[in-house]
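Hi there,

Here is the structure I promised to pass on to you. Have a look around it first, and then read my notes below.

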Amino acid sequence: MNSTVAASNAVSSQAACPALDVKGIGKRVRLPDHELTILHDVSFSIAAGEAVAVVGASGSGKSTLLSLLAGLDVPSSGSVTLDGTELSALDEDGRARVRGEKVGFVFQNFQLLPALTALENVMLPLELRGERDAASPARDILAKVGLGERLDHYPRQLSGGEQQRVAIARAFVTRPALLFADEPTGNLDTATGRSIVEQLFDLNAQRGTTLILVTHDERLAARCNRILRLAAGRLVDA
């Protein structure tokens, strides 16, 4: 096999590797008098660059599933492979390392550090990775989300929509392979929520990031390429 063919095969193999491969995962927790099953035998794959919504009623297992997909928790059974790495084969430090290298998060309640400015909040994940110039990419991504003039403002000086834009900038600044968004518009009014959604999908398209979006909003879910629907801990529609 010549080098050109070998290189082509390697590229094809990488392209075929799913961003997330979930096989038969279950999650059970021990209570004082019985064992509670939160997720039952859930399996699916998500291709690189795909935008996928996870929907379901309260208590259906959405948040638990998100924690397992991101390696914040481990399944009781089955496996989660993130960008080629099986998370259950790693210890907590190993999973944290994978998250730091490959994953971004956007949460409903923003989770910005109040003592840091907008710029410093976005610089933080780059600094934790040991990057020498964290300020330049942080300024650039804040400009992309319309906050180029708010770099030195603290979270308390920003509106809810502006705080969520900072959170989105922080999530994308490391150019993650996967972005997990958990009810990203849940604490915002309708108009602000629509604006945040546009920012999220625009950056996702620009960066080629795989997006996993947990939401109760069916209209928001419909913006994604595919919907994973949970009911009582079971995947009923993929």
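What follows is a short tour of what turned up, beginning with a pair of strands and moving on to some rings.

Please keep in mind that this is a predicted model. If you want a spot to check by eye, find glycine 104, which stands opposite leucine 179 in β7.

Now for the rings. How many aromatic pairs does the structure hold? There are two. In one of them, phenylalanine 105 and phenylalanine 107 are stacked, with 5.6 Å from centre to centre and 10 degrees between the planes. Phenylalanine 105 has a relative accessible area of 18%, and because buried means under 20%, this residue counts as buried. Phenylalanine 107, at 21%, counts as partly exposed.

The other pair is phenylalanine 105 with phenylalanine 180, also stacked, at 5.9 Å centre to centre and 25 degrees between the planes. This pair links distant parts of the chain: phenylalanine 105 sits in strand β6 and phenylalanine 180 in strand β7, 75 residues apart. Both of these residues are buried. Taken together, the ring pairs link Phe105, Phe107 and Phe180 into a cluster.

One last thing to look up is arginine 223, which lies over the face of phenylalanine 201, 4.7 Å from the ring centre.

Happy exploring!

Note on methods: Residues numbered from 1 in each chain as written. Predicted model: local features only at pLDDT ≥ 70, side-chain atom pairs only at ≥ 80, totals over all residues. Heavy atoms only, no water. Pairing = 2+ DSSP bridges. Helix = DSSP H or I, 4+ residues; strand = E, 2+ residues; numbered from the N terminus. Phe/Tyr/Trp six-rings, centres within 6.5 Å; stacked < 30°, edge-to-face > 60°. Buried < 20%, exposed > 50% of the residue type's maximum accessible area, 1.4 Å probe, protein only. Lys NZ or Arg CZ within 6 Å of the ring centre and 35° of its normal.
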